[in-house]
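Trainee: I have a structure open and would like to learn how to read its side chains. Where do we begin?

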Amino acid sequence: MSPEALITETVRSLPAELVRESIAAVAGQYLALMVYGSQARGSADIDSDVDVLAVVKEGAGAYSAGRVAITAYTPAQLHAMAQTSSLFILHLRTEGVVLEDTTGVLARVLSAYTPMKDFEAQRQQIRAAASVLNVGPDLFASHGQSLGRLGVYLLRTALYLDGAEADRLDFDIGLAAANNGDDRVMRAVALKRAPSFSEADLDLLACATASVLGCDREATLTTADELQARALHLAEAFPHASALLVNVLFGASEVDYVGLALVPW
């Protein structure tokens, strides 16, 4: 279907050029498309990305084309996330704008969402992953950038959890941080757009995340071996947290959300 044919009543809230740009950025075949995030919410600024969900038969993953950030999931992955109360699925239900869903696969996923009941269990996953944000200079030199991206991701997810539990959920991270009222949190969430992270940035993220989660900071990790040992230790009890730490160990340039029940940043 051509981009022009998709500019219908369903997507009239989005500029036609944005719809065309979003569709053109998606590689390969897809079952459904949705725009989410600030562009769908109407709070985007000149520097905002365009976040696009692509439902695919195979080939899940994340990639970018210009300013368009595409996250591709299979229906099975999305259903699993919906049934485990994923905040990402809630985000899609709350703010997403459907571009195409001719077979209804995305509608079925969104309708399968199970409201979260155990917020503390989700916080435990975040606390477990956040336990590695306090690092020494050598570990920062080798893994600091991946740890910085992890810290932003965990802080944002913790804030979304607070909003969801208080029944005032807003996926505008600036508003979520303002509701928290801690200046460190406000400064830390602004690091989402940082081109790189300093040791002071990571320290701020660690402090802000601990504040939101209501926990103490963990002891300092000094080597990659300690980071690996932490990931292995968490694997059984906190598999999502462990997967995030493995992502850091491999020095990934982005957080790998596929298969995780937390929220893409």
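Predicted model: local features only at pLDDT ≥ 70, side-chain atom pairs only at ≥ 80, totals over all residues.

Trainee: How do the side chains of R217 and D203 meet?

Mentor: In a salt bridge, at 2.8 Å from N to O. Now place the two ends. R217 sits in the loop between α11 (199–213) and α12 (224–234), while D203 belongs to helix α11, so the pair ties together parts 14 residues apart in sequence.

Trainee: How many salt bridges does a search of the whole structure find?

Mentor: It finds 10. Take R20 and E17 next. Their closest N and O atoms are 3.4 Å apart. Both residues lie in helix α2 (residues 16–25), 3 residues apart, or about one turn of the helix. R20 is partly exposed, at 28% relative accessible area.

Trainee: Which residue does E21 form a salt bridge with?

Mentor: Its partner is R67, with the closest N and O atoms 2.9 Å apart. This pair links distant parts of the chain. E21 is in helix α2, R67 is in the loop between β3 (61–65) and β4 (68–73), and 46 residues separate them.

Trainee: Are E21 and R67 buried or partly exposed?

Mentor: E21 counts as partly exposed at 24% relative accessibility. R67 is partly exposed as well, with a relative accessible area of 36%.

Trainee: Now the nonpolar side chains. What is the general idea?

Mentor: In soluble globular proteins, nonpolar side chains tend to be buried together. Here, the largest nonpolar core has 65 residues. L53, I89, L150, L155 and L159 touch the most other members. Helix α8 (residues 137–165) gives the largest share of this core, 13 residues.

Trainee: Which residues is L53 in contact with, leaving aside its neighbours within four places in sequence?

Mentor: The list includes A32, L33, M34, Y36, T71, Y73, L78, F88, L92 and L106.

Trainee: Where do Y36 and F88 lie?

Mentor: Y36 is in strand β1 (residues 32–36) and F88 in helix α5 (residues 87–95), so this pair ties together parts 52 residues apart in sequence. Both Y36 and F88 are buried.

Trainee: What kind of aromatic pair do Y73 and F88 form?

Mentor: A tilted one: 5.5 Å from centre to centre, with 40° between the planes. Y73 is in strand β4 and F88 in helix α5, 15 residues apart. Y73 is buried, with a relative accessible area of 0%. F88 counts as buried, at 0% relative accessibility.

Trainee: Which residues do the ring pairs link into a cluster?

Mentor: Y36, Y73 and F88. Find them in the view, then trace each pair in turn.

Note on methods: Residues numbered from 1 in each chain as written. Heavy atoms only, no water. Salt bridge = Lys/Arg side-chain N within 4 Å of Asp/Glu carboxyl O. Helix = DSSP H or I, 4+ residues; strand = E, 2+ residues; numbered from the N terminus. Buried < 20%, exposed > 50% of the residue type's maximum accessible area, 1.4 Å probe, protein only. Core = buried A, V, L, I, M, F, W, Y, C linked by side-chain atoms within 4.5 Å. Contact = heavy atoms within 4.5 Å. Phe/Tyr/Trp six-rings, centres within 6.5 Å; stacked < 30°, edge-to-face > 60°.
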